[in-house]
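Visitor: I'm new to this one. Could you walk me through how to read it?

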Amino acid sequence: MPLPESLLALLRRPSPCFLATLMPDGSPQLTETWVDTDGTNVLINTVEGHQKVRNMRRDPRVAVNVADPDDPSSYVAVRGRVLEITEDGAADHIEHLAQRYLGGPYPWFGGRGQTRLLVTIAPESVTSPRG
């Protein structure tokens, strides 16, 4: 499904993003994260070993809410499936996101020994409470 321009605009800004995954017992797990797009999919950068990664590998169904940084009550909700979780390009991608979100290099919270992962999410539905 194509991403609407309103969502693409948010994905290209330092917008707050909340990623929901499913725990093994079916309960929701929510994480605030940085977000991006390749123009078709939603991209999340994370670290190997985090609960959300284990959840997405087990069950690829996710939900993402991306808020307007200037008006957090304005947001776009995406439900979709994880297409890929890869190390390829993830370290460079986090540096790109750090420029957007922090205005400088990534400070490597947790140390440079971390394995960065790039998660590609294919949207299945996109909604916005403001239409």
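Guide: Let's take it feature by feature, starting with confidence.

Visitor: How far does the confidence reach, and where is it lowest and highest?
Guide: Keep in mind that this is a predicted model. The protein chain has a mean pLDDT of 94, and 98% of its residues reach 70 or more. Confidence is lowest in helix 1, with a mean of 93, and highest in strand 1, at 98.

Visitor: Now the helices. What does the span of helix 3 tell me?
Guide: You compare the span with the one expected at 1.5 Å a residue. Helix 3 has 13 residues, and from its first C-alpha to its last it reaches 17 Å, close to the expected 18 Å.

Visitor: Which residues of helix 3 are buried?
Guide: The buried ones are Ala90, His93, Ile94, Leu97, Ala98, Arg100 and Tyr101. Look down the axis of helix 3 and these buried residues fall within an arc of 165°, so they line one face of the helix.

Visitor: What do the buried residues of helix 3 pack against?
Guide: Their partners are helix 1, strand 3, strand 4 (42-47), strand 6 and strand 7. After helix 3 comes glycine 103, and its phi is positive, near 80°.

Visitor: On to the strands. How do I picture the side chains there?
Guide: In a regular strand, side chains alternate between the two faces of the sheet. As for the pairing here, strand 1 (residues 17-22) and strand 5 (residues 61-68) run antiparallel and are joined by 4 bridges. Phenylalanine 18 has asparagine 65 of strand 5 opposite.

Visitor: How many bridges link strand 5 and strand 6?
Guide: There are 8, and that pairing is antiparallel too, with strand 6 covering residues 71-86. The two strands make a hairpin, with 2 residues between them.

Visitor: What about the aromatic rings?
Guide: A pair of aromatic rings is described by the distance of the centres and the angle of the planes. This structure holds 4 aromatic pairs. In one of them, tryptophan 34 and tyrosine 106 have ring centres 6.0 Å apart and planes at 80°, so the pair is edge-to-face.

Visitor: Where do tryptophan 34 and tyrosine 106 lie?
Guide: Tryptophan 34 is in the loop between strand 2 (28-33) and strand 3 (35-37), while tyrosine 106 is in the loop between helix 3 (90-102) and strand 7 (116-127), so the pair ties together parts that are 72 residues apart in sequence. Both tryptophan 34 and tyrosine 106 are buried. Tyrosine 106 also meets phenylalanine 109: their centres are 5.5 Å apart and their planes at 90°, so this pair is edge-to-face. Ring pairs link Trp34, Tyr101, Tyr106, Trp108 and Phe109 into a cluster.

Visitor: Is serine 15 buried or exposed?
Guide: Burial is read from relative accessible area, with under 20% counting as buried. Serine 15 has 0% relative accessibility, so serine 15 is buried. You'll find serine 15 in the loop between helix 1 and strand 1. Leaving out residues up to four places away in sequence, serine 15 touches Leu10, Val35, Val66, Ala67, Pro69 and Tyr101.

Visitor: And proline 2, buried or exposed?
Guide: Exposed, with a relative accessible area of 71%. Proline 2 is in the segment before helix 1 (5-11). From C-alpha to C-alpha, proline 2 is 15 Å from serine 128, although 126 residues separate proline 2 and serine 128 in sequence.

Note on methods. Residues numbered from 1 in each chain as written. Heavy atoms only, no water. Buried < 20%, exposed > 50% of the residue type's maximum accessible area, 1.4 Å probe, protein only. Phe/Tyr/Trp six-rings, centres within 6.5 Å; stacked < 30°, edge-to-face > 60°. Pairing = 2+ DSSP bridges. Expected span 1.5 Å × (residues − 1). Arc of directions from axis to C-beta. Contact = heavy atoms within 4.5 Å. pLDDT = per-residue confidence, 0-100.
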